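Reader: I am new to this structure and would be grateful for a close look at a single part of it, namely its aromatic residues and their surroundings. Please set that part within the chain as a whole.

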Amino acid sequence: MELLTNSRDNTIKLVDLRMFEVLRTYSADTYRTGMNWSKSGFSNDGAYVVAGSQDGSVLVWNAHTSQLETTLRGHAYVPGLSPPRREADGGSNANGRCLRPGLGAWPNSGAVAGVAWSNSGTQLYSVDKDK
């Protein structure tokens, strides 16, 4: 059993709860945990770890190598995932930003409190603490 944690030392750790040891650490010079209750997560296929930063950006790491893949600001899509059709999932939801091109989504203005993948795994949503 594993747990993904956000830490106030500006890292994300994958912890093995049975052995009480850190399996992987995800970090980047630009990643700053925005609050004590920030939510990070895995992509639906387990290939990526994603978390929001204090500056409103969303960072995406390779889950297996712990290497930072990209930093998303405003409209973007995760590398390796094909952009969804315009009709899928209806754009941005009322509680956050849909991070994909061409739908009029807006960038986060404050620290990102949480991130979530759509059921299809082709869209990533983020919510900042100011909205």
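Author: Among the contacts in the chain with a separation of 6 or more, 44% are between residues 24 or more positions apart. The model discussed here is predicted. Its chain has 131 residues, and buried residues make up 47% of them. The accessible surface of the chain comes to about 7000 Å², and carbon and sulfur atoms hold 50% of that surface.

The secondary structure consists of ten strands and zero helices. Along the sequence this gives the pattern β-β-β-β-β-β-β-β-β-β.

The aromatic residues can now be placed against this background. The structure holds two aromatic pairs. In one of these, the ring centres of Tyr31 and Trp61 lie 5.6 Å apart and the ring planes meet at 85°. The pair counts as edge-to-face because that angle is 85° and the class takes in planes over 60 degrees apart. Tyr31 belongs to the loop between β3 (21-26) and β4 (41-42), whereas Trp61 belongs to strand β6 (residues 58-62).

Strand β6 is part of an open sheet of four strands, arranged in the order β4-β5-β6-β7 with antiparallel pairing. The edges of this sheet are β4 and β7 (68-72); each has a single partner strand, so one side of each is left without a neighbour in the sheet. In general, the strands of a sheet pair through backbone hydrogen bonds, in a parallel or an antiparallel manner. Strand β5 (residues 48-52) runs antiparallel to β6 and is joined to it by five bridges. Within this pairing, Gly52 stands opposite Val58 of β6.

Met1 lies in the segment before β1 (2-7). Its relative accessibility is 58%, so Met1 counts as exposed. Together with Leu3 and Leu17, Met1 forms a nonpolar patch on the surface. The accessible area of these three residues together is about 280 Å².

Definitions and conventions. Residues are numbered from 1 along each chain as its sequence is written. This is a predicted model: local features need pLDDT of at least 70, side-chain atom pairs count only at pLDDT 80 or more; totals for chains, interfaces and linings use all residues. Side-chain values use heavy atoms; hydrogens and water are left out. Patches are made of residues with over 30% relative accessible area and no salt bridge: like charges are joined within 9 Å, nonpolar side chains (Val, Leu, Ile, Met, Phe, Trp, Tyr) within 5 Å. Accessible areas come from the Shrake-Rupley method with a 1.4 Å probe; for residues, only the protein chains shown count as cover. A salt bridge is a side-chain nitrogen of Lys or Arg within 4 Å of a carboxyl oxygen of Asp or Glu. Helices (H or I, at least four residues) and strands (E, at least two) are DSSP runs, numbered from the N terminus. Buried means under 20% relative accessible area, exposed over 50%, partly exposed in between (1.4 Å probe, protein chains only). Rings of Phe, Tyr and Trp (its six-membered ring) pair if their centres lie within 6.5 Å; planes under 30 degrees apart count as stacked, over 60 as edge-to-face and the rest as tilted. Contact means heavy atoms within 4.5 Å. Two strands pair if DSSP finds at least two bridges between them.
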